[in-house]
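Visitor: I have the sequence and the model open side by side. Could you walk me through a few of the details?

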Amino acid sequence: MTYLLQALQARCGEFIGLRRDIHRHPELAFEEHRTAALVADKLEAWGYAVERGIGGTGVVGTLVRGSGARRLGLRADMDALPIEEASGAEWTSVHRGVMHACGHDGHTAMLLAAARHLAEQGSFDGTLHLIFQPAEEGGGGALRMMADGLFERFPCDAIFAMHNMPGIAQGRLVLREGAAMASSDYATVTLTGIGGHGAMPHRATDPIVAAASIVMALQTIVARNIDPLQAAVVTIGALHAGKANNVIPASATLELSVRALDRQVRGTLERRIKALVAAQAESFGVNAQIDWRAGYAVLVNTPAETAFAREVAVELVGTDKVTQQGPPLTGSEDFAFMLERVPGSYLLIGNGTGENGGAGACMVHNPGYDFNDDNVAIGSAFWVLLAQRFLAPKERAATR
Ligand SMILES: [Zn+2]
Ligand SMILES: [Zn+2]
């Protein structure tokens, strides 16, 4: 498959330029107006039927070839993060406090490079839907697009998405069948007691002591209620109460992040957290309120589609540059919702390890992060090959 890689390598300069342009103009969730317009204009110019404004700023470009019945969806995300950039790159963000710290600029550029190649030289038989979604970073852009009829208007037999990952050799493709990314739920616990003088605690009902006990009690859920062979995370990322050393405050709040790699474990975590908080609060005589917010679902890659993506990866870069079954991650991703509706697979592409002076090792969501432009060619070649194999003309499909 080196000819395909070479073909995309030859034209990747334009798309690296585009990637840097998007990087320079990052936009937060549901505000991706410039990025979406850029994507839609390019797709239209290359002959795609384009729908704008799906789920806010989402864009879908459709290309139909031949009479094949198969329909493929490829997804890229477009949003940036509220982080002040410190990458030192020449294409540093011009918007203060906003940056592409997760490489969604690169994901968009890779899918656009593939889009152009497929439009101009792609040989396939069927329907190709390129899905550019807003608000992956916690905003649930995938759900918004689905609520806007994404899969009714653009039915897909399978969907795929790719995310870069620092710390993995540049261009390495990592697949995984089954649960690959964690569910992510949030809760705010508000404890209400009776404030008073720090010198007379018996005349008050102290929510701080209750909060401290709840923080410790919640740690027992992962240790005592979850199968040791399963993954679960209960993090209390914020604990706020009080202002002065001699004042017992009337309230305390805790902010929780809760993750699991299994739907049942996810349910157990919610049940045990609510029960422990209620029982602990009761024991201290304070009132507890829990505002539970369900976030992203567990991302589960289906077996057949993952096996297919593996074959494509091996054909493109060779066995030694493909991890057939990588480890799951405790991060989360709203592509999980699309995979609840349509079979498919989500894979990683190594952003680099930083060894021998190489780029790409800085972690995503870090102010120093930057997408590795060497991946534009390889990532787009992967999309082209995957589309051509999935939508192969019939004689070819019969032998696959
Ligand atoms: Zn991210
Ligand atoms: Zn991301």
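**A strand, a metal site and a cavity**

Visitor: Happy to start in the sheet: which residue of E4 is the bridge partner of Val64?

Guide: This is a predicted model, so let us take it as such. Strand E2, residues 58-65, pairs with E4 in the antiparallel sense over seven bridges. Within that pairing, the bridge partner of Val64 in E4 is Thr127.

Visitor: And which residue in E4 does Gly73 stand opposite?

Guide: Here the pairing is between E3 and E4, which run in the parallel sense over seven bridges. The residue of E4 opposite Gly73 is His129.

Visitor: How many of the residues in strand E4 are buried?

Guide: Strand E4 covers residues 126-133 and is mostly covered. A residue counts as buried under 20% relative accessible area. In E4 that applies to eight of its eight residues.

Visitor: Now the metals. Which residue bridges the zinc ion (ligand 1) and the zinc ion (ligand 2)?

Guide: The protein donors of ligand 1 are Cys102 (SG), Glu137 (OE), Glu137 (OE) and His365 (NE2), at 2.0 to 2.7 Å. The two zinc ions lie 3.1 Å apart. The residue that bridges them is Cys102.

Visitor: How many residues apart in sequence are the parts that Cys102 and His365 tie together?

Guide: The donor spacing for ligand 1 reads C-x34-E-x227-H. Cys102 sits in the loop between strand E3 (71-77) and helix H4 (104-121), while His365 sits in the loop between strand E16 (344-352) and helix H11 (375-390), so the pair joins parts whose separation in sequence is 263 residues.

Visitor: Is Cys102 buried or exposed?

Guide: For contrast, His365 has a relative accessible area of 40% and is partly exposed. Cys102 has 7% relative accessibility. With the cut-off for burial at under 20%, Cys102 counts as buried.

Visitor: Last one: which strand gives the most to the lining of the largest cavity?

Guide: There are two cavities of 30 Å³ or more, and the largest holds about 70 Å³ of space. Its lining includes Ala180, Met181, Tyr346, Leu347 and Leu348. Strand E7 (178-181) and E16 each supply at least two lining residues. The top contributor, with three residues, is E16.

Key. Residues are numbered from 1 along each chain as its sequence is written. Chains are lettered from A and ligands numbered from 1 in the order in which they are written. This is a predicted model: local features need pLDDT of at least 70, side-chain atom pairs count only at pLDDT 80 or more; totals for chains, interfaces and linings use all residues. Side-chain values use heavy atoms; hydrogens and water are left out. Donors are N, O and S atoms within 2.8 Å of the metal (3.2 Å for Na, K and Ca); water is not among the atoms, so sites may look incomplete. Helices (H or I, at least four residues) and strands (E, at least two) are DSSP runs, numbered from the N terminus. Buried means under 20% relative accessible area, exposed over 50%, partly exposed in between (1.4 Å probe, protein chains only). Two strands pair if DSSP finds at least two bridges between them. On a 1 Å grid over the protein atoms alone, a cavity is a set of points where a 1.4 Å probe fits but cannot get out, and a pocket is an open set with protein on both sides within 12 Å along at least five of seven lines; lining residues have an atom within 4 Å of a point. Grid points are joined across faces, edges and corners, and a volume is the space filled by probe spheres set on the points.
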